[in-house]
Amino acid sequence: MRNTWITLIVAVVLTACTYSVYQTAYPYLKTIRIESFENKTVEYSLEQDLLEELTDSFQGDGELQVVEISPNCQLEGTILDYENVIYTYDTNNNIKEYVVKILFNVKLTDFVKNEVLWEKESLLLSETYLAQPSNDTASTEPESEEEAQKEVFKDLYDTILENTFQSW
C-alpha cells in the first residue's frame, strides 16, 4: 500500500512539473500590430516612448510576432492624461517621492474572429520614483520620471497580457 502512495505522489509531482500555470487563451493568434497611441497630453513624445516599450516587450516575450502587414490582432489606444506630482515628504518636509500617473484607453482587436478581445476605456497606472537618487545599490525603485514612465509602460504590457492572452 505504501509503494502505491509513493508511486502516486511521484506521478503527481512529475505531472505538475510539466503543467504551465498560464495557458494561451488564443493559440491561433501569432502576429500583432501595435498602433501608435494617440497622445492627448502635453507630454512630448510619450506616445513614441510607449510604442517602443510595447514593441520591445512583445518582441522579447516571443509569443506574438510584431508585424505591420496582415496581423492576427491589433493593439491601439489613447493616452488620455498624464500627471507627475509629489507623492511623499520626509520628516524634514523635503520631497521624498514623486508619482507618475498615466490614464489610458486601450483596445485589443482579434482580426481572425473579428471581435474585440479586451477594451479598457479608463485604465490608470502609476509608479513612484525617488526625488533624489538613492545610494542604496539594492534599491529597485525608479530614480527618475523617465524610469517611472517605463515602469508604467511595462505595467500596461502586463495588464494587457493578464486580461487577454493568459487564462488560468
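Biologist: How many helices and strands does the secondary structure of the chain come to?

Modeller: The model is predicted. The chain has 3 helices and 8 strands. From the N terminus on, the elements run α-β-β-β-α-β-β-β-β-α-β.

Biologist: What share of the residues in the chain is buried?

Modeller: Buried residues make up 33% of the 168 residues.

Biologist: Why is phenylalanine 58 called buried?

Modeller: Look at its relative accessibility, which is 2%. Buried means under 20%. The value 2% falls under that cut-off, so phenylalanine 58 counts as buried.

Biologist: How do you know that tyrosine 157 counts as buried?

Modeller: The test is again a value under 20%. Tyrosine 157 has 7% relative accessibility, so it passes and counts as buried.

Biologist: What makes the pair of phenylalanine 58 and tyrosine 157 edge-to-face?

Modeller: Two values matter here. A pair of aromatic rings is described by the distance of the centres and the angle of the planes. Rings pair if their centres lie within 6.5 Å, and planes over 60 degrees apart count as edge-to-face. For phenylalanine 58 and tyrosine 157, the centres are 4.9 Å apart and the planes stand at 90 degrees, so the pair is edge-to-face.

Biologist: Why do you say that this pair ties together parts that are apart in sequence?

Modeller: Phenylalanine 58 lies in helix H2, while tyrosine 157 lies in helix H3. The parts are 99 residues apart in sequence, so the pair ties them together.

Biologist: How many aromatic pairs does the count come to?

Modeller: The count comes to 4 aromatic pairs. One of them joins tyrosine 26 and tyrosine 28. Its centre-to-centre distance is 6.2 Å, with 85 degrees between the planes. The distance is within 6.5 Å and the angle is over 60 degrees, so this pair is edge-to-face.

Biologist: Is tyrosine 28 buried, exposed or partly exposed, and why?

Modeller: Tyrosine 28 has a relative accessible area of 26%. Buried needs under 20% and exposed needs over 50%. The value 26% lies in between, so tyrosine 28 is partly exposed.

Biologist: Which residues form the negative surface patch?

Modeller: Asp49, Glu52, Asp56, Glu146 and Glu147 form the patch. Helix H2 (46-61) and helix H3 (145-165) each supply at least two of its residues. The largest share, 3 residues, comes from H2.

Biologist: Why is glutamate 52 called partly exposed?

Modeller: Glutamate 52 sits in helix H2. Its relative accessible area is 43%, between the cut-offs of 20% and 50%, so it is partly exposed.

Biologist: Which residues form the nonpolar patch on the surface?

Modeller: Ile86, Tyr89 and Ile95 form it, with about 260 Å² of accessible area together. Isoleucine 86 is found in strand S5. A patch residue needs over 30% relative accessible area. Isoleucine 86 has 38%, so it clears that cut-off.

Biologist: Where is serine 70, and is it buried or exposed?

Modeller: Serine 70 is in the loop between strand S4 (65-66) and strand S5 (73-89). Exposed means over 50%. Serine 70 has 62% relative accessibility, so it counts as exposed. Its phi is positive, about 55 degrees, although serine 70 is not a glycine.

Biologist: What makes serine 45 partly exposed?

Modeller: Serine 45 has 24% relative accessibility, between 20% and 50%, so it counts as partly exposed. Its place is in the loop between strand S3 (38-39) and H2. Serine 45 has a positive phi of about 65 degrees, although it is not a glycine.

Notes
Residues are numbered from 1 along each chain as its sequence is written. This is a predicted model: local features need pLDDT of at least 70, side-chain atom pairs count only at pLDDT 80 or more; totals for chains, interfaces and linings use all residues. Side-chain values use heavy atoms; hydrogens and water are left out. Patches are made of residues with over 30% relative accessible area and no salt bridge: like charges are joined within 9 Å, nonpolar side chains (Val, Leu, Ile, Met, Phe, Trp, Tyr) within 5 Å. Accessible areas come from the Shrake-Rupley method with a 1.4 Å probe; for residues, only the protein chains shown count as cover. A salt bridge is a side-chain nitrogen of Lys or Arg within 4 Å of a carboxyl oxygen of Asp or Glu. Lys and Arg count as positive and Asp and Glu as negative; His and the chain ends are not counted. The place of a charge is taken as NZ of Lys, CZ of Arg, CG of Asp or CD of Glu. Helices (H or I, at least four residues) and strands (E, at least two) are DSSP runs, numbered from the N terminus. Buried means under 20% relative accessible area, exposed over 50%, partly exposed in between (1.4 Å probe, protein chains only). Rings of Phe, Tyr and Trp (its six-membered ring) pair if their centres lie within 6.5 Å; planes under 30 degrees apart count as stacked, over 60 as edge-to-face and the rest as tilted.
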